[in-house]
Amino acid sequence: MSIIEVKVPQLSESVSEATLLTWHKKAGDAVSEGENLIDVETDKVVLELPAIKSGILRKIIKGDGSQVGSGEIIAEIDTEAAAQTSQTTSPPAVTEAVPAPAVTVPTVAAQATPSARKLAHALEIDPGQIQGSGKHGLVTKEDVRGTVQKNSGDNPVQSMPAVAPGERIEQRVPMTRIRQRIAERLLQSQANAAILTTFNEVNMQPVMELRSRYKDRFEKKHGVKLGFSSFFVKAAVHALKQFPIVNASVDGTDVIYHGFFDVGMAIGSERGLVVPILRDADRMLLADIEKRIADFAARAKDGKITMEELTGGTFSITNGGVFGSMLSTPIINPPQSAILGIHATKDRPVAENGQVVIRPMNYLALSYDHRIIDGREAVQFLVAIKEFLENPGLVLLDL
């Protein structure tokens, strides 16, 4: 018998603990090298823990819902058992630990895709009760979404059991680690920063005309659609260069000025809000930005964004407009000192040269830490973004 230990991977310095979500194998099952054994959730991402050798899963030491740390042993694999099973029909002796009772995790069917399992866990539902539309009845992410929408309308996260008329019911559901981390950071921001928000409006017609004129050639050359996010990132970097205090952060009684521009892009998913970082955004072309954001959005759905991609950042952008938001006061992502809020672009009447005309207008919001950023800098910063977006040719002329 040759036993190898299955250990929790090394977590980042800022992450002390993780949660075991769902074992995809049970004690006695054969496993192949590289096959995912269990999903491990930290407060930032969901990690897959693959088998490092083929064999038989001899023992599960830590069950679903267990709280674990870096390097902790959670299972054992017998690497010689695979050869033995071909010579004998007697199953190997296995023992399986009783799952930790502290956290209730829904049962996950083996006939579900990894993304469907993760979404089902996030929504606290059992995919085993879902009719799969995939090959051989495989449950897909779309099946999970469809079932939730059917049962609870447009807000699946707040789904409740069916009740009879007049019946009063409550449902207690534990926060996921990511949701706990989001709550912790938002409270930290509100408690430790003097947050103030200033607003402005921008006429998006010049950007929309430029995009409409070149979007087909852009997509053909770069293999990605030309959206609006890259223009906002470029506008933000343009303004940050003029007002470096907005790109700075507070450390005790010191102000740290950053000589680089790492812009965080807030991305919402079923699992919660994440803010991956566009490193050195000032050096990126529009196409580079669009590709990176599209990649982040795709991987955020499955919790595949790495901890390194979520760490750092000197400034952030959040776009509530994709959900229809008209105006908001975004909360700063500490230790940053400011965040730009983008909203829905709508046709509105505005005055131009003494005439009322209809223009596609977008309301911008800048929340900033008033401890180091004065109102003058904040207002001028937002004006610089407005001027850039209303004159996008500035990026071509480097003005």
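**Local features, salt bridges and helix packing**

Asn 353 is exposed, with a relative accessible area of 82%. This residue belongs to the loop between strand 19 (346-352) and strand 20 (355-369). Although Asn 353 is not a glycine, its phi is positive, at about 55°. These values, like the others reported here, were computed from a predicted model.

A positive phi is also found at Asp 280, again a residue other than glycine, with a value near 50°. Asp 280 is placed in the loop between strand 16 (277-278) and helix 7 (286-300). Asn 353, by contrast, is classed as exposed at 82%, since the exposed class begins over 50%.

A further backbone feature concerns two prolines. The peptide bond that leads from Pro 334 to Pro 335 is cis, and its omega is near 5°. Pro 335 is situated in the loop between strand 17 and strand 18. Met 326 is likewise found in the loop between strand 17 (315-319) and strand 18 (338-342). Together with Phe 199 and Leu 327, Met 326 makes a nonpolar surface patch of about 300 Å².

Charged side chains were examined next. A search of the whole structure finds 13 salt bridges. One of the pairs consists of Glu 35 and Lys 25, whose closest N and O atoms are 3.0 Å apart. Glu 35 lies in the loop between strand 3 (30-31) and strand 4 (36-41), while Lys 25 lies in the loop between strand 2 (18-23) and strand 3; the pair therefore ties together parts that are 10 residues apart in sequence. As for accessibility, Glu 35 is partly exposed, with a relative accessible area of 27%. Lys 25 has a relative accessible area of 19% and is buried, because burial is assigned under 20%.

A second salt bridge joins the side chains of Glu 5 and Lys 7, with an N to O distance of 3.8 Å. This pair meets the criterion because the nitrogen must lie within 4 Å of a carboxyl oxygen. Glu 5 counts as partly exposed, at 39% relative accessibility, and Lys 7 is also partly exposed, at 42%.

The side chains of Glu 390 and Lys 386 meet at 3.0 Å, N to O. Both residues lie in helix 9 (residues 375-390), where they are 4 residues apart, about one turn of the helix. Glu 390 is partly exposed, with a relative accessible area of 25%. Elsewhere, salt bridges that share partners join Asp 295, Arg 299 and Glu 309 into one network.

Two packed helices are described by the angle between their axes and the distance between the axes. Helix 6 (residues 229-242) packs against helix 7 at an angle of about 120°, and the two axes are 9 Å apart. Helix 6 is therefore oblique to helix 7, because the roughly perpendicular class covers 65 to 115 degrees and the roughly antiparallel class applies over 145. The crossing of helix 6 and helix 7 is right-handed.

Key:
Residues are numbered from 1 along each chain as its sequence is written. This is a predicted model: local features need pLDDT of at least 70, side-chain atom pairs count only at pLDDT 80 or more; totals for chains, interfaces and linings use all residues. Side-chain values use heavy atoms; hydrogens and water are left out. Buried means under 20% relative accessible area, exposed over 50%, partly exposed in between (1.4 Å probe, protein chains only). Helices (H or I, at least four residues) and strands (E, at least two) are DSSP runs, numbered from the N terminus. Patches are made of residues with over 30% relative accessible area and no salt bridge: like charges are joined within 9 Å, nonpolar side chains (Val, Leu, Ile, Met, Phe, Trp, Tyr) within 5 Å. Accessible areas come from the Shrake-Rupley method with a 1.4 Å probe; for residues, only the protein chains shown count as cover. Axes are lines fitted to C-alpha atoms, for helices over the stretch in contact, and angles run from 0 to 180 degrees between N-to-C directions. Angles under 35 degrees count as roughly parallel, over 145 as roughly antiparallel, 65 to 115 as roughly perpendicular and the rest as oblique. A crossing is left-handed if the near helix is turned anticlockwise from the far one by less than a right angle, and right-handed if clockwise.
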